[in-house]
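Visitor: I am new to protein models. Could you walk me through this one, feature by feature?

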Amino acid sequence: MIYVFDGAMGTMLQSANLKPGDCPELLNIIQPDLIKKIHLDYISSGADIIETNTFGGNRIKLEHYGLADRTREINIAAAKIAKDAAGKKIKVAGSMGPTGKFIEPLGELSFDEAYSVFFEQARYLAEAEVDYILIETSIDIQEMRAALLAAKTATNLPVICQMSYSNDGRTVTGTDPQTAAITLEAMGADIIGANCSLGPEQLLPIIRILAQNTTKPISVQPNAGMPHLVNGKTIFPMDSTEMAQWAPQLIEAGASFIGGCCGTTPQHIAAIKKAITGLKASTRKQSLPRLALTSRSKTVFIDKDLPTVLIGERINPTGRKKLAAEIKSGSFLSAKKEALEQIQAGAHILDINMGVGGMDQTAAMKKAITEIAQLVDVPLAIDTSDATALEAGLKAYPGRALINSVSAEPERLETFLPLAKKYGAAILCLPISANGVPKTADERLQVMETILNEAFEFGLKAGDFLLDGLVMTVAAEPNACQETLSTLRLYRAKFGYPSTMGLSNISYGLPNRPLINSTFFAMCLAAGLDAPIMNPYDKPMQDTLFASAALIGHDQNGRAYSLIASNQAVPKGAATAPEIDVDILTAIKAAVMNGEKEAVASLVERALAEKYPPTEITEKALTAAMNDIGIGFGNGKLFLPQVLLSAEAMRAAFLKIKEILPAQNLQNNGTVVIATVKGDIHDLGKNIVAALLENNGFQLIDLGKDVDAETIVRKALEYDADIVGLCALMTTTMTQIDTVIHALKKSGSNAKVMVGGAVLTQEYANQAGADCYAKDGVVAVNLAKNLLK
Amino acid sequence: MPIYNSVLKQIDPVETKRYAGLGKVDFNEAIIQKACLEAQLLAEPKGIWQIYNYNTCSYKVESSPEFLIRGEKIRKHLATSAKVIVLAVTIGETIEKQITNYFKQGEYSYSLLLDAAATTAVEQAADDVEKTIKQYTTAQGYQMIWRFSPGYGDWDICFQPEMLHLSDAKEIGITLTESMMLIPRKSITAIIGLVPNSNEKNEKKQSCSACSKQDCLARRSS
């Protein structure tokens with residue numbers, strides 16, 4: 001059966017002369033006949049379902065018009081008008097559009113606030129007996145999740161969830177239709193679809209993707225093409241004939257609810273109705289449900305025929321004092337760093353554990369999940385035994401999370417399973433019962449069955465489960481390895497769901513644990529382990545994973561394996577370092593030019609040991625290198641980051657000389673007082689000049705940024721500066737240069753003045769009375785040397 | 001008052017190299033990656049915007065109080081705009097402190113690279129906010145033209161106070177020094193013209209060749 005929705009309400013109101021700035025929903029009260037007529041027009045055009053005029057009927061939107069206190073009145077009036085028009089045969093969908101605000105952390109609205117706003121609207125619509133709740137035009141999956149949860153809680157009605165996608169096939173906040181379909185179906189959406197933003201042609205591929213990723217009916221309500229503005233009015237160009245031509249294709253792609261959004265009229269709906277008459281909803285190939293986890297912008301599948309999925313375990317403060325202390329202090333910087341680095345190391349899912357004693361785990365979990373989900377695009381596993389912390393994490397998470405874990409302990413089953421169902425999360429099932437850890441595979445299987453049966457009772461289903469094989473210590477339990485392998489095989493044979501586990505327990509108490517761990521890992525992969533929870537930085541484990549993928553067939557013919565450089569045969573003896581066959585000063589010079597600061601330090605140490613005088617090292621190696629670098633930079637062969645690496649190498653050389661010969665006076669080319677002028681907070685450019693001068697034998701007095709004229713003059717006199725360097729980056733601060741130069745001359749200082757900075761020019765320097773203008777740090781070094789000749 | 005805090009899933013290493021003055025030169029790519037990753041970690045992107053009508057005859061943004069646009073280039077740029085968006089974006093102070101720390105520790109080159117990655121991050125954050133706004137403006141039949149900031153061309157930087165006021169940038173923690181510098185330093189204010197779709201306008205994307213700063217470190221060669 002195919003159902004036809006109505007078309008646009010806003011377009012009809014616009015053509016009925018609704019003025020911009022007027023509240024369309026207020027018309028439900030002041031012009032109910034107009035709204036009813038639009039409904040009736042759509043019904044006579046063939047709509048099976050009409051939508052209430054409540055798109056902007058939530059409290060936040062109505063507040064813009066000072067109508068928040070009439071939210072109930074407006075929604076109930078709208079539903080009544082629609083019900084009146086609909087009669088008995090036509091169904092009414094209560095429309096709920098966005099609040100116009102983004103949910104935290106994308107925006108300022110909290111999930112709970114959004115939830116209560118949608119809860120209120122859904123309740124009023126249900127009170128007036130609409131047939132569906134239609135959440136539409138959502139561009140933020142968190143807003144959709146809040147609205148869906150609210151609608152499911154406030155009513156018993158079927159809920160339609162329609163997101164809006166952009167040209168790139170994602171919502172503007174990054175969610176793709178596959179991810180949306182999986183996330184929303186898991187949370188209990190009854191119909192999943194797309195509307196607005198795009199025309200039917202662009203929505204077609206999106207509908208196909210939805211159809212491949214949900215078993216729920218699909219709805220589609222395209223715009224009448226992309227809009228133009230004519231005489232201040234928004235016009236949608238696609239006429240009803242053209243629009244209707246797309247309808248059969250949208251049905252074939254999987255939609256069974258079809259209507260129109262912006263720019264569509266009763267003519268469009270009549271044409272669509274005509275075009276689909278006699279068509280049947282397309283039958284979708286139902287594949288077996290797979291376990292899928294989602295983030296805001298990505299879906300990860302875990303199943304026996306798919307490559308192994310690596311769950312990164314590092315965001316866990318257990319046994320990590322520094323991380324625990326940081327989390328306790330409210331900082332998640334290290335946790336976030338671990339998140340990024342684990343992904344770089346190959347993690348596909350990140351486990352988040354906030355089990356720090358003596359702190360509010362709920363608040364920590366909420367913050368960790370919020371911040372990490374904002375930073376990375378891999379799905380997250382919420383690792384806790386605390387139901388309150390779990391719910392806080394699930395709520396904050398803009399996707400379908402994995403709950404780690406649900407055991408067969410009654411309390412855990414009763415508290416965790418409803419949360420999994422409510423927030424659409426998958427569960428990691430851990431076969432531990434109130435009687436403890438079962439030792440044999442058969443016992444584990446039994447406990448697992450208890451968990452799964454209970455989960456089914458709470459409404460979970462195939463595709464929601466990841467089974468833990470349990471690992472004991474082989475040093476204590478001789479059969480530990482065999483039992484785990486048997487468990488994995490039995491899980492696969494009996495349930496067919498994917499499996500997981502942490503592995504390192506196996507080797508506890510044994511020497512060379514990495515060898516035991518990686519050997520055990522290979523055995524488990526062969527026995528059917530799909531998603532190990534492990535340290536992604538562990539090289540032997542990663543190597544084992546790569547090799548196993550080639551052997552098991554996930555990496556066909558070992559192609560990926562062959563690409564890893566470490567697996568290529570290396571001819572022996574080729575990698576030995578050549579002896580330095582140049583003299584040591586040449587080697588130091590080369591190392592400075594290459595920016596090799598560690599090498600420089602050891603070479604300088606050797607040179608000193610060989611009794612080269614420091615002045616000779618400085619002149620023949622270091623200064624010579626910087627001269628060549630200056631030339632290279634000047635003619636565009638070297639670039640600033642390279643010059644700075646060389647400066648770092650110079651610094652390492654000087655530090656080494658000072659360390660070995662503390663009494664040694666190194667070359668002093670002169671004293672430079674340098675500052676960024678008052679009002680200017682740019683530091684980096686000035687710092688670069690200072691660093692280059694300092695490492696070319698000048699004594700540097702760096703006064704910092706935002707320094708007033710008085711201080712600069714005082715310091716110049718105090719240190720008897722040979723040169724005063726002034727930096728200004730903006731037209732608004734440039735004039736400070738004049739002020740400083742004027743004050744310096746008045747003070748009787750003999751210092752030469754060098755100026756530089758983004759907006760400065762030679763002309764400006766001349767006019768301000770500076771002795772020279774340095775366009776960059778390398779030029780500054782040369783000019784400084786010339787000034788003091 | 002729409003607030004949108006961008007998601008930065010990756011900092012572009014190519015742009016980072018350009019801002020560091022490296023262009024397409026070979027440099028230690030692992031270090032560039034490290035700087036991009038650290039910028040992603042430390043950036044705290046926040047954005048805010050407001051839409052106003054724009055009078056092309058009087059060159060006034062119809063805010064309260066009105067805001068007169070001065071400058072030939074910016075007026076020409078906005079000549080067909082019926083509305084304007086005034087936008088402010090920042091990535092916060094944390095990264096700024098870290099850039100300074102690295103320099104103090106003698107990591108000159110890495111400090112410069114992190115600074116370049118931070119510049120890339122704030123530009124990406126602004127691009128992302130723009131993309132979000134586009135959803136609304138396209139639906140109303142407008143086309144967005146490229147963003148223009150005080151200090152570009154002949155649009156004086158002294159209009160920053162008005163830009164902060166019109167975008168309500170203090171909501172996301174941006175303030176101004178007396179010399180018109182934005183704090184945090186890695187912040188952007190900009191105006192974006194909204195041109196009705198019926199007025200065909202295919203302005204070329206902003207290009208380095210239009211800028212008078214010939215010796216800019218990040219100048220694109222073509």
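Guide: We go from domains to contacts, then to helices, sheets and single residues. Keep in mind that this is a predicted model.

Visitor: Into which domains is chain A divided?

Guide: Chain A has domain 1 (3-276), domain 2 (291-567), domain 3 (584-660) and domain 4 (670-787). Take domain 1 of chain A and domain 4 of chain A: their C-alpha centres lie 63 Å apart.

Visitor: How many residues does each chain give to the contact?

Guide: Chain A gives 44 residues and chain B gives 43 residues. On the side of chain A that touches chain B, the elements giving two or more residues include strand 8 (228-230), helix 13 (333-344), helix 25 (640-660) and helix 28 (731-747) of chain A. Helix 25 of chain A gives the most, with seven residues. Sort that side by class and you get 23 nonpolar, 12 polar and nine charged residues.

Visitor: Let us take one helix. What span should helix 13 of chain A have?

Guide: Count 1.5 Å a residue. The 12 residues of helix 13 of chain A should then span 16 Å, and its end C-alpha atoms are 17 Å apart, which agrees.

Visitor: Which residues are buried in helix 13 of chain A?

Guide: A residue is buried if 20 or more other C-beta atoms lie within 10 Å of its own. In helix 13 of chain A, that holds for Ala335(A), Lys336(A), Glu338(A), Ala339(A), Gln342(A) and Ile343(A). They cover an arc of only 155 degrees around the axis, so they sit on the same side of helix 13 of chain A.

Visitor: What covers the buried residues of helix 13 of chain A?

Guide: The cover includes strand 13 (311-315), helix 12 (321-328), strand 14 (349-353) and helix 14 of chain A. It also includes helix 2 (29-42) of chain B. After helix 13 of chain A comes Gly346(A), with a positive phi near 115 degrees.

Visitor: Now sheets. In what order do the eight strands of the open sheet in chain A stand?

Guide: Read across the sheet: the order is 1-10-7-6-5-4-3-2 (chain A), and the pairing is parallel. Strand 1 (3-4) and strand 2 (49-51) of chain A stand at the edges. Each has a single partner strand, so one side of each is left without a neighbour in the sheet. Strand 3 (residues 91-96) of chain A and strand 4 (residues 132-138) of chain A run parallel, joined by four bridges. Met96(A) has Ile135(A), in strand 4 of chain A, as its bridge partner.

Visitor: And how is the open sheet of six strands in chain B paired?

Guide: The pairing there is antiparallel, in the order 3-2-1-4-8-5 (chain B). Its edges are strand 3 (67-68) and strand 5 (142-144) of chain B, each with a single partner strand. Two bridges join strand 2 (residues 60-61) of chain B to strand 3 of chain B. There, Val61(B) has Phe67(B) as its bridge partner.

Visitor: How many residues of strand 21 of chain A are buried?

Guide: Five of the seven residues of strand 21 (residues 670-676) of chain A are buried, so the strand is mostly covered. This strand pairs with strand 22 (residues 698-702) of chain A in the parallel sense, over five bridges. One bridge partner pair is Gly670(A) and Phe698(A).

Visitor: What do most peptide bonds and phi values look like?

Guide: Most peptide bonds are trans, and most residues other than glycine have a negative phi. Now look at the exceptions here. A cis peptide bond joins Ser64(B) and Pro65(B), with omega about -5 degrees. Pro65(B) lies in the loop between strand 2 and strand 3 of chain B. The bond from Ile183(B) to Pro184(B) is also cis, with omega near 0 degrees.

Visitor: Where does Glu129(A) lie, and is Met180(B) buried or exposed?

Guide: Glu129(A) is in the loop between helix 6 (111-127) and strand 4 of chain A. Its phi is positive, near 65 degrees. Glu129(A) has 13 C-beta neighbours inside 10 Å, so it counts as partly exposed. Met180(B) has a positive phi too, near 70 degrees. With 20 C-beta neighbours inside 10 Å, Met180(B) counts as buried.

Definitions and conventions
Residues numbered from 1 in each chain as written. Chains lettered and ligands numbered in written order. Predicted model: local features only at pLDDT ≥ 70, side-chain atom pairs only at ≥ 80, totals over all residues. Domains from an automatic or database assignment. Contact = placed C-beta atoms within 7 Å. Nonpolar A, V, L, I, M, F, W, Y, C, P; charged D, E, K, R; others polar. Expected span 1.5 Å × (residues − 1). Buried ≥ 20, exposed ≤ 12 C-beta atoms within 10 Å, placed from the backbone. Arc of directions from axis to C-beta. Pairing = 2+ DSSP bridges.
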